[in-house]
Amino acid sequence: MRNFFVCSVVILVLISCGVQKNDYKAVLRDPLLYSSTVNQLTEVITHDIFTPPPAARIHAYASIAAYEVIAKHNRNYPSLQGKVNGLKGLPKAPAQGINVHLASLLAFMNVGQTFTFSKDSTQQIIDKLKNLATDHGMPEQELENSVSYANAVSTAILEWSKHDNYAQTRSAAKYTVNNDDGRWVPTPPGYMQAAEPAWMTIRPIFLHSAAQFLAPPPTPFSRDSTSQFHKLAAEVYTVGKTLTEEQKAIADFWDCNGFKLHVSGHVMYATKAMTPGGHWMGITGAVSAAKDADFEKTVFAYTAVSIGVFDGFITCWNTKFHWNLLRPETYINKHLDLNWMPYLQTPPFPEYTSGHSVISSASATILSKLYGDDVAFKDS
């Protein structure tokens, strides 16, 4: 009778507390967990209102931290140390047992937390990852080892990031606005200062310099109604007044303006959205899932795309602020129709060349190399 009572108590305890799980390895190597973590960091970046180039910097360094954990434990993915500009001093793989997937996730988030402002939000993501490991049976020592290695890798990546000239650009000279013909000036409704006019001085990751791949010059500025420049502006004006619902839907899909002002009478408020780079991070996750990529290849894909986006913005901004070309909205309001407004709000930097086009081509090229050209996916 006594034995029966003891067994009954044990069973009740197990039922009330839940049977101890021991599936942490399977849970943590799920590539969807990694994609979800990237998406959560993107949400923090969006909330903190980073402009597109700095947002790309966050994704790139965080992704490289995650990748370097993988690279130290999988010969199919070589380290980037010695292959990209200035990366050195990465820690050796630990002698003690770690969970590579948890360490990769935590290294990613450690860098993301350092670069973003909402520390409480990023700490919640980190804590949830640790709790997930514990709840699914990870031994305490393995957890400690994994956390320690993640910290070591992220510390090395953060030290590397300190030498990319980002800190120096925080106090760089602002863009000088003047009324020279064809030169970019702030646009309505916020008339905000130019975003990151010194971004071309940031150290690239793979590029030798911001000027390595120069875009051809833009169409020469002209106010002459017979000029090619005027014809292009007139085309934008005409199309903008007769947009189809499909064209509006396409525009809305790619409207990744991180900080958009809305004006109604005397009331002004802002809304936030993910940046173009954040959008391509989401697409990378969707394509990786569609191709059933494992954890390691998913991390590799995110890292490759994030580097392409980061370097793409550097070379794009070099072109933008070399030519300082005015926006169509400015030309049209001055020479065609004072009251015309574009369907999407104009972001605060020069027109040529298109940031969306540069980083989208880079991202699509990289994803095509990894997964092929003919890939269907859903982007939510």
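1. On charge, the protein carries 31 positive and 32 negative side chains, and the centres of these two sets lie 5 Å apart. The model is a predicted one, and the values in this note should be read with that in mind.

2. As to overall form, the C-alpha trace spans about 100 × 45 × 40 Å along its principal axes, and the secondary structure consists of 14 helices and two strands. Among contacts with a separation of 6 or more, 80% are accounted for by residues 24 or more positions apart.

3. The crossing of H4 and H12 is left-handed. The residues that meet there include Pro 52, Ala 56, His 59, Ser 63, Tyr 67 and Ile 70 from H4, and Phe 295, Val 299, Thr 303, Ser 306, Val 309, Phe 313 and Trp 317 from H12.

4. Is Ser 363 buried or exposed? This serine, which lies in helix H14 (residues 355-371), counts as buried because its relative accessible area is 0%, against a cut-off of under 20%. Leaving aside neighbours within four places in sequence, Ser 363 is in contact with Trp 280, Val 305 and Val 309; of these, Val 309 is also one of the H12 residues that meet H4.

Technical notes: Residues are numbered from 1 along each chain as its sequence is written. This is a predicted model: local features need pLDDT of at least 70, side-chain atom pairs count only at pLDDT 80 or more; totals for chains, interfaces and linings use all residues. Side-chain values use heavy atoms; hydrogens and water are left out. Helices (H or I, at least four residues) and strands (E, at least two) are DSSP runs, numbered from the N terminus. Contact means heavy atoms within 4.5 Å. Lys and Arg count as positive and Asp and Glu as negative; His and the chain ends are not counted. The place of a charge is taken as NZ of Lys, CZ of Arg, CG of Asp or CD of Glu. A crossing is left-handed if the near helix is turned anticlockwise from the far one by less than a right angle, and right-handed if clockwise. Buried means under 20% relative accessible area, exposed over 50%, partly exposed in between (1.4 Å probe, protein chains only).
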